[in-house]
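The structure is shown first, and the discussion follows.

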Amino acid sequence: MSIVFTKKNGSMGYQLPYRTLQIIDLSDTRTYALICAYQVIFVPCVVLGMKELVLRHYRLIRLTEGLENNFNYLILQQLLGTTIHICISGYYLIMVQIQ
């Protein structure tokens, strides 16, 4: 009887093993038990999957840093070549109009 009385009058709700967005009212013992079982099974699977994703992300960051270092010289060369070409073309247009 005291368990039922405490359950009805208690201000403390059920605490899940992992902190998640609560979209279901956890006042029912059966619902609480099912969600706890789901969290105990599902959350470790997500955490293990996240480790693989983080490692892949780290490798991709290293790859992009290498690509960026290699392409910086090409982009600089392209920028300087285009700038010189525009300057020479502008000078040519100015000289043609004068004559």
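Is Arg-62 buried, partly exposed or exposed, and what is its relative accessible area? In this predicted model, Arg-62 is partly exposed, with a relative accessible area of 39%. Its salt-bridge partner is Glu-65, and the closest N and O atoms of the pair are 2.9 Å apart. Glu-65 is likewise partly exposed, because its relative accessible area of 36% falls between the 20% and 50% limits that separate buried from exposed residues. Both residues belong to helix H2, where they sit three residues apart, about one turn of the helix. The structure holds one salt bridge.

**Fold and annotated spans**

The protein chain contains two helices and zero strands. Helix H2 covers residues 29–98. The UniProt record, an unreviewed entry, carries the annotation "transmembrane region" for residues 31–50 and 71–94. The geometry of these two spans in the model is as follows.

**Surface and burial**

Of the 99 residues in the protein chain, 5% are buried. The accessible surface of the chain comes to about 9500 Å², and carbon and sulfur atoms account for 68% of that area. A nonpolar surface patch of about 570 Å² is formed by Leu-60, Leu-63, Leu-67, Phe-71, Leu-74 and Ile-75. One of these residues, Leu-63, is found in helix H2, the helix that also holds Arg-62 and Glu-65. Two other members of the patch, Phe-71 and Leu-74, fall within the annotated span of residues 71–94.

How values were computed:
Residues numbered from 1 in each chain as written. Predicted model: local features only at pLDDT ≥ 70, side-chain atom pairs only at ≥ 80, totals over all residues. Heavy atoms only, no water. UniProt positions renumbered as here; feature names shortened; annotations may be inferred. Patch = residues over 30% accessible without salt bridge, like charges linked within 9 Å, V, L, I, M, F, W, Y side chains within 5 Å. Areas by Shrake-Rupley, 256 points an atom, 1.4 Å probe, with all protein chains shown as cover. Salt bridge = Lys/Arg side-chain N within 4 Å of Asp/Glu carboxyl O. Helix = DSSP H or I, 4+ residues; strand = E, 2+ residues; numbered from the N terminus. Buried < 20%, exposed > 50% of the residue type's maximum accessible area, 1.4 Å probe, protein only.
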